[in-house]
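Grab a pencil and try these exercises on the protein shown below. Have a go at each task before you read its solution.

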Amino acid sequence: MASSRNARITPSPRPGTGFSQDDEHEMDMIVTENSPRPASAASRHAWASDNDGFEMQENYDEQDRSSDDEDAPTGMENEVYMGAATKPVNLKTARAKEDVGRPGCCRKTMHILRSLWRTRQTDDTAQDKELHVRTTLRELIIYIFFLIILCIMTFGMTNSTMYYYTKVMSELFLDSQFPDTRNTFRGMTTAMDFWRFAETPLMDGLYWETWYNNDNVTDDKLGFIFYENKMLGVPRMRQVKVTNDSCVVHTDFRDNIKQCYAFYAESLEDTDPFGLSNGTAWEYSTEEELSGSGHHGDIATYGGGGYYIDLEKKKAESLAMILELKENLWIDRGTRAIFIDFTVYNANINLFCIVRLSVEFPPTGGVIPTSTFRTVKLLRYVTAMDYFIMACEGIFCLFILYYSVEEFLEIKKHRFSYFKSTWNCLDVIIILVSVLCMCFHVYRSFTVDEMIERLLSEPDMYADFEYLGYWQSLFTNVTAVAVFLAWIKVFKYISFNKTMTQLSSTLSRCAKDVGGFTVMFLIIFFAYAQLGYLIFGTQIKDFSSIRYCSYTLFRIVLGDFDFHELEAANRVLGPIFFMTYVFVVFFVLLNMFLAIINDTYSEVKADIANQKSEFEISDYFKKGYEKMVGKLNFKRDKIADIQEALAHADSNADQHLDFDEWRHELKCRGHADAEIEAVFAKYDVDGDRILDADEQMKMAADLEGQKTELNNQLAELEEAQLVSGSNRPQTSGRSRSRVSFNDSIDSDDDGGDRGRTGGAAVSYEEFVILSRRVDRMEHSIGSIVSKIDAVLVKLEAMERAKAQRRETMNKLLDSITEDDGEEKRKSKMEKLVREEFEQWGSASSLQGRESPASPRADSALRSRAESAQSRPSTSRPMTTQSTRISDNVDSTSNV
């Protein structure tokens, strides 16, 4: 075994490296000199659990790391090549520095928490487009979850059942006909119509005491409307009045008109007893005493006090009370409004219906009936779905807390410039509205529980849910606005795409033009509104006020109008008003507005087409796809390397592969020691440091299975890419050399970490891996530089020898004079040429190649010397001839 380990192994050269086998072995020995291997048993203990043998550095545990770092050639304890010298690095010192620089548990926790609120405004992502897109995607994904939770909550507050419940209750009281006039509540016009309604439709709607076969219902079924809706408490009837002399009669009529009752106002409200003056129906009660609430009617806004009477739970008793009020003229000239309030609860659908029937008595005479049916869900948590919504409400609160912290950090960084962005203001509005809704939700829960407990203890009292129903309706409206703003906010996260920016760019660019157009439009619009109000206000309801006029004019633009009503109101001005308004507003102003938008949109489209293509979301996904494919290809190539090493490492063909053969073969292919040791230890079951035939076959089978699995994954990715209509990305394959198994993966991970942590310190394991790679690279580069230096030194020596020979030749040729005989000159020439050839041969041996003077070259030089000798003498000096001979000799040397 020792001899085999020390024997020189001749591995197959790695293709594409440009080095011979001896050079690769020499480079390998530089790295591994004086470096014992880690124990096989320890490595096998580290990698045998669930490691596939090829993901080395990620799962390297602490025990094997310390043993490998102390014994194996690492970047922290081997001799690092630095220039022409080596510098040893102390492992313990480096590890101590690493421990000192390693963040503690608290710092890690704070870093993780801080990363949760990393946004495009808290981090500078303008320079890094990929980081910008990645941060935007993370924000968008989080916000989509928030939007889903918000929609689940809001849709859990309402459903189609509420509409049907409101429809049934409203038709019961509003569309039931009076027995004698066949009129309904909706068509009520006089005080007598009110008494007809109170005596019949109201009593029949409130009290269902018999079945459809005229059988009486049992006592436990009393108080149910439609036999399904439980009446909570008893109904209440209340009126408000104004005092006499609340208005001023013209002096011409004071003698004939003694009384004057103005429109309702709280300052003019009558509080004196009247009629029988012996009960709450005839004595005034304040709003505080009634714990009531005001009402916004068609004519005025009424207070919560007044003269009231609570009906009974039986129909006969309540009808007697109504008849008593009628007989004693409970309604008089001072009456301005009557309110009938009651609340029902349907346990089948867990919904409350809060009803208020209002009848206003204007000073003009007659009555104006209005009604309010508020169907609300005050008891929130009954079914399993309700508890699911409660869980969503808890998640929503966490989201609001998350976004509150996010906005606080952004405000802290940008100060007042934060509010210059419309999207930032929208974020703050959504958070504030959400907090208000959460507060009201808590208030509603406690209030409803308190009111229901009081009703259960006092079933004959009036249940005033009107105030709570009003705020519940307002809460629903505010929630609807919050959901609308939340959906609009989606544009904040998709605005990085050029197509998605067209809307915002068009609106922002044409804002000035639209502002100027709006001024012109409003001038003309309100001119027509006042014209219509003055011409048609006394005859057409849609023009009875400036507010109604504005609504009607907008409806005319959309094509909703009644031309015959205008013509009937005024035969001359009606058609003129209509035709001029349609021509000016519809044909002129509206088309001007569309032209402004269209021209600006065309400019924006042209600018976007001329813009340089930037890094967009599609590029980000394409790059991620290419990274995934590249990693799979890299793993597949890594397996191919090990398969080739397994096939060629057994140089002596003895069916036994020892560790030295295995290690040297993979080292020539650029793999790290720890990786080589891990793969070998996984299949070296007996621990003899040799892979026999069975172990090699098991390794080969595992490698082939993993390679097939990777090929299948690549095929699935390519098929998915083709289905999505995208171009198939180009992969690098095995075109580039690798230093270790994890180069590509680590580089991707490092890039990702830099994007996430902003340059945080690397871990100890990563530092060891990188140190090893740098050391091997330095040794390799140092060896190459040394060889290049040696070649340059040899070239310089050859140049110096060449110059020296030329100088010597010139001196010797100059010593040959014309006085010497021909034979003598010839012999001297031959002697000089032979000496020079001997010197050239010795110089060529410095390059490792023997270049003796061949007979061909000897004869050539001799013939040249003879021809030069036989030439007639000229007047040129001898140095010129010697120079020519020297040049001939140099050319011969080059040949």
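This is a predicted model: local features need pLDDT of at least 70, side-chain atom pairs count only at pLDDT 80 or more; totals for chains, interfaces and linings use all residues.

**Exercise 1: The disulfide**

Find out which cysteines form a disulfide, and work out its handedness.

*Solution.* 
1. Start with the distance rule: two cysteine sulfur atoms must lie within 2.5 Å. In cysteine 247 and cysteine 260 the sulfur atoms are 1.3 Å apart, and the two form a disulfide. The count by this rule is one disulfide.
2. Cysteine 247 and cysteine 260 both lie in the loop between strand 4 and helix 11 (287-290), so the pair ties together parts that are 13 residues apart in sequence.

**Exercise 2: Buried or partly exposed?**

Sort cysteine 247, cysteine 260 and cysteine 392 by their relative accessible area.

*Solution.* 
1. You need the cut-offs: buried is under 20%, exposed is over 50%, and partly exposed is in between.
2. Cysteine 247 comes out at 24%, so it counts as partly exposed.
3. Cysteine 260 has 12%, so it is buried.
4. Cysteine 392 has 3%, so it goes into the buried group.

**Exercise 3: Inside the core**

Describe the largest nonpolar core, then pick out what isoleucine 225 touches.

*Solution.* 
1. Count first: this core has 44 residues, and Ile225 is among those with the most contacts inside it, as are Leu202 and Trp330.
2. Then ask who contributes. Helix 8 (160-174), strand 4 (229-241) and helix 12 (315-327) are among the elements that each supply at least two residues of this core. The largest share, six residues, comes from helix 8.
3. Now zoom in. Leaving out residues up to four places away in sequence, isoleucine 225 touches partners including Met169, Leu172, Phe173 and Phe342.

**Exercise 4: A patch on the outside**

Which residues form a nonpolar patch on the surface, and which helix gives the largest share?

*Solution.* 
1. The members are Tyr443, Tyr467, Tyr470, Trp471, Leu474 and Val478. Together they have about 510 Å² of accessible area.
2. Helix 15 (residues 466-488) gives the largest share, five residues.
3. Take one member as a check: tryptophan 471 sits in helix 15. Its relative accessibility is 32%, so tryptophan 471 counts as partly exposed.

Terms used. Residues are numbered from 1 along each chain as its sequence is written. Side-chain values use heavy atoms; hydrogens and water are left out. Patches are made of residues with over 30% relative accessible area and no salt bridge: like charges are joined within 9 Å, nonpolar side chains (Val, Leu, Ile, Met, Phe, Trp, Tyr) within 5 Å. Accessible areas come from the Shrake-Rupley method with a 1.4 Å probe; for residues, only the protein chains shown count as cover. A salt bridge is a side-chain nitrogen of Lys or Arg within 4 Å of a carboxyl oxygen of Asp or Glu. Helices (H or I, at least four residues) and strands (E, at least two) are DSSP runs, numbered from the N terminus. Buried means under 20% relative accessible area, exposed over 50%, partly exposed in between (1.4 Å probe, protein chains only). A nonpolar core is a set of buried Ala, Val, Leu, Ile, Met, Phe, Trp, Tyr and Cys residues joined through side-chain atoms within 4.5 Å. Contact means heavy atoms within 4.5 Å.
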